[in-house]
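Let us read a model feature by feature.

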Amino acid sequence: MHEQCDQLIDYFNGLLSEEEEREFEKHLKSCENCQEEWAELTELTEDLPYAAEPVEPPEGMKDRVLAGVFAEEQSDQAEKEAPASFEKAKETKREAQASSYTQSESPKPKRWLAPALAAALFLSLAGNLYTILQEEEPPDTITTDGIDQVLQSVQLEGTGSATASIVEQKDTNTLVVNANQLANLEGEQVYQVWLIKEGKPYRAGSFVPNQNGDGAVTYSLDKLQNQGKWDQIAISKEPDATSKEPQGEVILSSKL
Amino acid sequence: MSDRDLDLYNQVLEGDKGALEELYDKYEKLLYSFAYKSCGQKEMAEEVMQEVFIKVWTQKATYDSSKGKFSSWILSVTRFTSIDIVRKKENQNYSLEEERDTLHQEEPSAEDLAEWKEQGEIVREAVKQLSEEQNKIIQLFYFKGLTQREIASSCNLSLGTVKGRIRLALKHLRKELSNIKEKGGVGDA
């Protein structure tokens, strides 16, 4: 048995890194044994979701969820698959995998990824520019759209330049980071944003810069368990988008 | 029934909010219950719902009717989303044990999906027939989405035997399912 056959379980659960997944899909194309096992796992687990005991959804969930959904632009064809960040790109791929493996279609062509990523970053930058322009107003003024408000904004120092703002939008706080003059990355490397409290780093979004060295990321702080005040923000260069703690050098940072 | 799903899905692609709402209503409880079983926490399960329907609406995930039923597809999007969200929380040292909510559990009501109503009871009954070890490995693999390595250490197995044990457990489950179906359902024994 090929060594890669042992990755089937992690592939089925979408847990391989992008590179591993690419390699595994290559292997899957030529390994009948894995194809059979993959089909078998898919078939045998088909009924399992129905084993979930019914639970009553919380009150008001439908309104909250649909409001969140319709707040998202249903983008046109050109932007359709644009991932908002590196992590999103991974998710998109997993969903493609969820639609089941077929020999003729897999692996999906990834050519769209680069221009789409650039488009996503451009949109993201445009959004940040808007935020930054709004900052010039007196701090208590609510923006003309009546919802966003900058709670805090800092300039990060180090190699390159970056601004980080915490923006309040309705009841949720979003971290917006906009960076320039960043060094290019290689392979699966990403720039990872960290929020630090009492020496402990929390992941707060990752991004890759475009060819001009401009990068940006927005991150909903509601995703973080720690909702208190943060001590520090830092950006480090990481080998890929999965680091649980900073492994690479911190290139930019600031006190909060 | 599934044709209706496909019609609604095609309308969603055209930007029809009403169609998305109809799909939401139809699948809300099943997907929420499934996500809750994976995450064990109601805020996270709601976050999963939000993500799943954003993916459907923005077409970050796209359904291809030639590859199977809409319900299977949206359930698998939900499973991947749950696994992702749980792992992201774990990155922040979130402990599942501490915050596991206990929600009132009930049987599906008359308005719930017929499929769920028919199958749920049978599948749960079949799961009960499994040994504790087999039940555990299915929970960890399918609902919790752990890695092979995590499953190995959690079940005291060598890495190489995990896949075989999972397949064995699933095949046993399949056998119990067909036994129950042959007997004409739960409660006829």
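**Reading a helix and a core**

Q: What comes just after α3(B)?
A: B:Gln59, which takes a positive phi of about 60°. Keep in mind that this is a predicted model.

Q: How many residues does helix α3 of chain B have, and how far does the helix reach?
A: Helix α3 of chain B covers residues 42-58, 17 residues in total. From first C-alpha to last it reaches 24 Å, close to the 24 Å expected at 1.5 Å a residue.

Q: Is α3(B) mostly covered or mostly uncovered?
A: First the general idea. An α-helix has 3.6 residues a turn, so residues three or four places apart point the same way. In this case α3(B) is mostly covered, with 12 of its 17 residues buried. Among them are B:Met49, B:Val52, B:Phe53, B:Val56 and B:Trp57.

Q: Which residues have the most contacts inside the largest nonpolar core?
A: Again, the general idea. In soluble globular proteins, nonpolar side chains tend to be buried together. Here the largest nonpolar core has 78 residues, and those with the most contacts inside it are B:Phe53, B:Trp73, B:Ile74, B:Ile138, B:Phe141 and B:Ile166. Helix α2 of chain B, residues 17-39, gives the most to this core, with 12 residues.

Q: Why does this core lie between domain 1 and domain 2 of chain B?
A: Because domain 1 (2-95) and domain 2 (114-182) both give residues to it.

Q: Leaving aside neighbours within four places in sequence, what is B:Ile138 in contact with?
A: A:Leu48 from chain A, plus B:Leu130, B:Phe143, B:Ala169, B:Leu170 and B:Leu173.

Conventions:
Residues are numbered from 1 along each chain as its sequence is written. Chains are lettered from A and ligands numbered from 1 in the order in which they are written. This is a predicted model: local features need pLDDT of at least 70, side-chain atom pairs count only at pLDDT 80 or more; totals for chains, interfaces and linings use all residues. Side-chain values use heavy atoms; hydrogens and water are left out. Helices (H or I, at least four residues) and strands (E, at least two) are DSSP runs, numbered from the N terminus. The expected span of a helix is 1.5 Å times one less than its number of residues. Buried means under 20% relative accessible area, exposed over 50%, partly exposed in between (1.4 Å probe, protein chains only). A nonpolar core is a set of buried Ala, Val, Leu, Ile, Met, Phe, Trp, Tyr and Cys residues joined through side-chain atoms within 4.5 Å. Domain bounds come from an automatic or database domain assignment. Contact means heavy atoms within 4.5 Å.
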